[in-house]
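Dear colleague,

Please find below the structure that I am handing over to you. My notes on what was found in it follow directly after.

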Amino acid sequence: MNLEKLLQALGQQPIESSEEVCQLTRLLCRQLETFELFAQELPSQNLGFVDSKASTVELTIAGRDLTIHQSPGVLSSNRAGGTTGAVVWKVTPLFAEWISSASSLLFQSEILSSNSLVLELGCGISALVGLCLAPRVKGYVLTDQPYVAKFVEQNIAENAHISASSTGKGKAKGKKTKATAASHSKDNNVVFTPLDWETDEATPSLLTDLPDTAGRKSFDAIIACDCIYNEALIDPLVSTCADICRLRTQESETEADPTICVVAQQLRDDQVFEGWLARFMESFHTWRAPDELLPNGLKPSSGFVVHIGILKEAYTP
């Protein structure tokens, strides 16, 4: 199993390895993880924007030049439902370069391959992780609130050369299913579908607009990059991650590895981080990606961290 390769690479037990441990032990586990990350001297990242005032940002990732359109106006607005996805955050280019590299943890363990399907939660306007990773996998679904769709489409179109050069081709209320209103680039394997963590239901219809995925009903990996900043959204985010992972467990006669959840974030507020970790560990076996498997810019000493989660009901260590 490719999962075993991943666990060997992680080289450690989950942060909380037993289902039988008492509440006090769970508390100590997450407090220790929080202390180890926040006790070190973290570099000043301010809020973590790349450039919150520019309408376009020029980036070079893995030797490829990208032009990313963003919206300072939306960021500074009073839009209900949040505005943080309107600009590029510092962790995103670092994470995009790492996870799309052939030497990254998920490709080395063969959890990801040219046949993989990936879904990203809270992609924001940039579509940056999808632009970098999509050429290396079979299909990539970007999700976020509908307001980012226009910019996502613009950034996919603006940076179509990334795909070409890589592939050789030119709680409040009840949940509702989102199977329509998807945006995508013609002949591209990266698509955008609106998905609200608080109101929308995660179903196999999330794969509907990906080309050539007949018979596939689940994803090999979920990505959440710098989505943890608001305590009120922690439970909806983790619940959505778990629901998408359950699509794999609900498939009949499948011998595929469980869906892997990858969460990258900037270390900002220890209380928000511990709140997320506590909720995430309720549903997922959780590992922190070891420093030796990360580039210098993505390590905790640089102010960022990557965690790997496997749904508890899908796997027993």
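Predicted model: local features only at pLDDT ≥ 70, side-chain atom pairs only at ≥ 80, totals over all residues.

In the hairpin formed by strand 1 and strand 2, two residues lie between the strands, and alanine 62 takes a positive phi near 55°. The two strands run antiparallel and are joined by six bridges, strand 2 covering residues 64-69. One of the pairings links threonine 56 to histidine 69 in strand 2.

The protein chain contains ten helices and twelve strands. It has 317 residues, of which 54% count as buried. Its accessible surface comes to about 13900 Å², and carbon and sulfur atoms account for 47% of that area.

The buried residues are Val91, Thr92, Pro93, Phe95, Ala96, Trp98 and Ile99. What do the buried residues of helix 4 pack against? Their partners are strand 1 (56-61), helix 5, helix 6 (128-133), strand 9 (221-225), strand 10 (260-266) and strand 12 (304-311).

I turn next to the charged side chains. Side chains of opposite charge can pair when their charged atoms come close. With a cut-off of 4 Å between a side-chain nitrogen of Lys or Arg and a carboxyl oxygen of Asp or Glu, the count comes to twelve salt bridges.

One of these salt bridges is formed by glutamate 110 and lysine 5, whose closest N and O atoms are 2.9 Å apart. Glutamate 110 lies in the loop between helix 5 (105-108) and strand 3 (117-121), while lysine 5 belongs to helix 1 (residues 2-10), so the pair ties together parts that are 105 residues apart in sequence. Glutamate 110 is partly exposed, with a relative accessible area of 39%, and lysine 5 is likewise partly exposed, at 36%.

Another salt bridge lies within a helix. The side chains of aspartate 243 and arginine 246 meet at 2.9 Å, N to O. Both residues belong to helix 9 (residues 234-249), where they are three residues apart and thus separated by about one helical turn. An α-helix has 3.6 residues a turn, so residues three or four places apart point the same way. Aspartate 243 counts as partly exposed at 25% relative accessibility, and arginine 246 counts as partly exposed at 24%.

Elsewhere, salt bridges with shared partners join Glu33, Glu36 and Arg288 into one network.

How many disulfides does the structure hold? The number is zero. For cysteine 227, the closest cysteine sulfur is that of cysteine 225, and the distance of 7.1 Å is too far for a bond. Cysteine 227 is buried, with a relative accessible area of 6%. The sulfur of cysteine 241 lies 3.8 Å from its closest cysteine sulfur, in cysteine 261, and this too is too far for a bond, because a disulfide requires the two sulfur atoms to be within 2.5 Å. Cysteine 241 counts as buried, at 2% relative accessibility.

Finally, I would draw your attention to asparagine 189. This residue is found in the loop between strand 6 (183-184) and strand 7 (190-194), and it counts as buried at 14% relative accessibility. A polar atom of the asparagine 189 side chain lies 2.9 Å from the backbone oxygen of valine 137. The side chain of asparagine 189 also reaches the backbone oxygen of lysine 138, at 3.2 Å. Leaving aside neighbours within four places in sequence, asparagine 189 is in contact with Ala134, Val137, Lys138, Gly139, Tyr140, Leu210 and Pro211.

With kind regards

Note on methods: Residues numbered from 1 in each chain as written. Heavy atoms only, no water. Helix = DSSP H or I, 4+ residues; strand = E, 2+ residues; numbered from the N terminus. Buried < 20%, exposed > 50% of the residue type's maximum accessible area, 1.4 Å probe, protein only. Contact = heavy atoms within 4.5 Å. Polar contact = N/O pair within 3.5 Å; in protein donor to acceptor, adjacent residues only side chain to side chain. Areas by Shrake-Rupley, 256 points an atom, 1.4 Å probe, with all protein chains shown as cover. Pairing = 2+ DSSP bridges.
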